[in-house]
Amino acid sequence: MGTCNIHIMHNAFLKGLDVIRMSVSEFIVNVYYFFNGWPKRCEEFTNIQIKLAVTQHKFIKHCSSRWLTLGKAALRIIEQWDCLIEYFTIFIPKKCSNLMTASKYQGIVKQLRNSLFKAEIYFVINSASIYENFSILFQRQEPLIHVLHDELKKLILIISGRICKQNVLIKWSGDESVFDSNNLLTIPQLPSEVSDLLNNSNTKEIEKKIFIENVKKHYINGALHILNKSSYGVSPKIKYFRCLQPPELKKNEVAMILAKWLIFFL
C-alpha cells in the first residue's frame, strides 16, 4: 500500500548494520575475492579442509548492497572458521609469507584475531534471519494484503522483544516511545552462540559493553525504520484488510447467515 515493504526491510536491516559498523559484510567479501580466481589458493585451502575434516564447500559470493546473501555467506564463514584460522594464521605465514604484506590478507587476519568477531558473525546471521522470514513470505505470488499489518507488527515486536522489557511491549500502542531508554533491557536477548562467545571471551569488559550497546542500536534503528517507513506506519488503514483473513471471513459468513434468518422473525 503505497510502498514496497520488502525494500523497506532491506533498508531497515542495512541501517541497523550501518549504525554499529560491524565489518562482517566486508570480511565476507574479502575472503571470497581472496580465493576467487586463484586456483592455487583454493587447492591449498581444500587440503586444509581435508586435514580438518571440514566439508569442502566454496565461499558464497556476497554483495554488500544485497543483505539477502549475507546470512548464507556468513553461515559458510562459520562452517569454515577453523580452516580459515589454519590457512590465514598458520599456513600462509609458513608457506606463503609473501602474501602477508597484502592489505586484503592483513584485513582478514585482523578480524580473525578479533576475539569478538565470531560473535559479530553469529549476531548478523541471527538478525538477518528475522528480516529474511518476512521477505520470503511476501515474495509469494498470491495477494497477502490481508496479513500485511499483522506480519509487520509481529516483526516489530520480535525485534523489540530482543531489547525491550516485556511489560512495556504488552502495553505498546505502536509509537516510538517503546524504545525510550527506561524501557530497554540492561542486557538484550542474544542468540545462544553470541552469549557463549561473550562469556568465554578474554575481551575487556568495556569492549563487551560496547558490543552490547551496538546490538541495541542495531535493533532500535531497524525497528524505527520499519515503524516510520513501512505500511505499518505510513498506511495504518491496512489493518482493516484483516477482515479478509479466513477466520474473519468465516465469522462474517456466520453473521450474514444469522442476519438472513433474522428477517423471518421481524
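## A tour of helix pairs

Start by selecting α8 and α11: α8 passes α11 in a left-handed crossing (left-handed means that the near helix is turned anticlockwise from the far one by less than a right angle, right-handed that it is turned clockwise). You're looking at a predicted model, where local features need pLDDT of at least 70 and side-chain atom pairs count only at pLDDT 80 or more, while totals for chains, interfaces and linings use all residues. Residues are numbered from 1 along each chain as its sequence is written, and side-chain values use heavy atoms, leaving out hydrogens and water.

To find this pair, pick residues 145–161 for α8 and 205–229 for α11; their axes come within 9 Å and cross at roughly 160 degrees (axes are lines fitted to C-alpha atoms, for helices over the stretch in contact, with angles from 0 to 180 degrees between N-to-C directions). That makes α8 roughly antiparallel to α11 (over 145 degrees; under 35 is roughly parallel, 65 to 115 roughly perpendicular, the rest oblique).

Now show side chains. From α8, L152, L155, I156 and I159 make the contact, and from α11, Y219, A223, I226 and L227 (contact means heavy atoms within 4.5 Å). What classes do you find in the contact of α8 with α11? Eight residues are nonpolar, with no polar and no charged ones.

Next, select residues 39–51 (α3) and 81–95 (α5), whose axes come within 9 Å and cross at roughly 120 degrees. That makes α3 oblique to α5. Here α3 passes α5 in a right-handed crossing.

Hop to A53, in the loop between α3 and α4. A53 isn't a glycine, yet its phi is positive, at about 60 degrees. Is A53 buried or exposed? A53 is exposed, with a relative accessible area of 71% (exposed is over 50%, buried under 20%, partly exposed in between).

Last stop: residues 24–35, the 12 residues of helix α2, which reaches 17 Å from its first C-alpha to its last. Nine of those 12 residues in α2 are buried, including F27, I28, Y32 and F35. Just after α2, click G37, which takes a positive phi of about 85 degrees.

Conventions
Helix = DSSP H or I, 4+ residues; strand = E, 2+ residues; numbered from the N terminus. Nonpolar A, V, L, I, M, F, W, Y, C, P; charged D, E, K, R; others polar. Buried < 20%, exposed > 50% of the residue type's maximum accessible area, 1.4 Å probe, protein only. Expected span 1.5 Å × (residues − 1).
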